[in-house]
Amino acid sequence: MNALNQVVKAAQESVYAMRREMSRYTWKSAIYLVMTMLAVMGGCLWGMVYFIDSGYARIAAMQRMEAVWEMKAPLADISTCNEKPCVQVIGNEFTNKKGERFYQIKPVK
């Protein structure tokens, strides 16, 4: 009977130890899961902010180039023809002996 009681006590201690370890692993798993989710969400947020900011920077650069082109060719109608940029110029047309065409454009004041 004494030996049987010792086996039962040893088994109970072993079960309690396993339950403590399982509880510890459950908390660790939950913490790791939450940390992983936060890291993924942070990465997605950073990527979204980066691409939005770089998009605004590209739009601003295009607007600056548009202003430069407006100063260079104020009378030109800049658009796309067959998915390529083209310019319609209104002004006096001149041709040289080689047949090349030139347009006289008045500068913007």
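Mentor: Trp46 counts as exposed, because its relative accessibility is 59% and the cut-off for that class is over 50%. Please keep in mind throughout that this is a predicted model. Tyr50 has a relative accessible area of 45% and is therefore partly exposed. Its ring forms an edge-to-face aromatic pair with Phe51, in which the centres are 5.3 Å apart and the planes stand at 70° to each other. Phe51, for its part, has a relative accessible area of 60%, so this residue is exposed.

The structure holds 2 aromatic pairs. One of them joins Trp46 and Tyr50 and is stacked, with 5.5 Å from centre to centre and 10° between the planes. Where do these two residues lie relative to one another in helix α1? Trp46 and Tyr50 are 4 residues apart in that helix, so about one helical turn separates them. Why is one pair called stacked and the other edge-to-face? The class follows from the angle, because planes under 30 degrees apart count as stacked and those over 60 as edge-to-face. The 10° of Trp46 and Tyr50 therefore falls in the stacked class, and the 70° of Tyr50 and Phe51 in the edge-to-face class. Through these ring pairs, Trp46, Tyr50 and Phe51 are linked into a cluster.

With a relative accessible area of 48%, Met48 is partly exposed.

Let us now turn to the chain as a whole. The chain has 1 helix and 4 strands, and along the sequence these elements follow the pattern α-β-β-β-β. Of the 109 residues in the chain, 4% are buried. The chain exposes about 10,500 Å², of which carbon and sulfur atoms supply 64%. Finally, consider the contacts between residues at least 6 apart in sequence: 14% of them join residues at least 24 apart.

How values were computed
Residues numbered from 1 in each chain as written. Predicted model: local features only at pLDDT ≥ 70, side-chain atom pairs only at ≥ 80, totals over all residues. Heavy atoms only, no water. Buried < 20%, exposed > 50% of the residue type's maximum accessible area, 1.4 Å probe, protein only. Contact = heavy atoms within 4.5 Å. Areas by Shrake-Rupley, 256 points an atom, 1.4 Å probe, with all protein chains shown as cover. Phe/Tyr/Trp six-rings, centres within 6.5 Å; stacked < 30°, edge-to-face > 60°.
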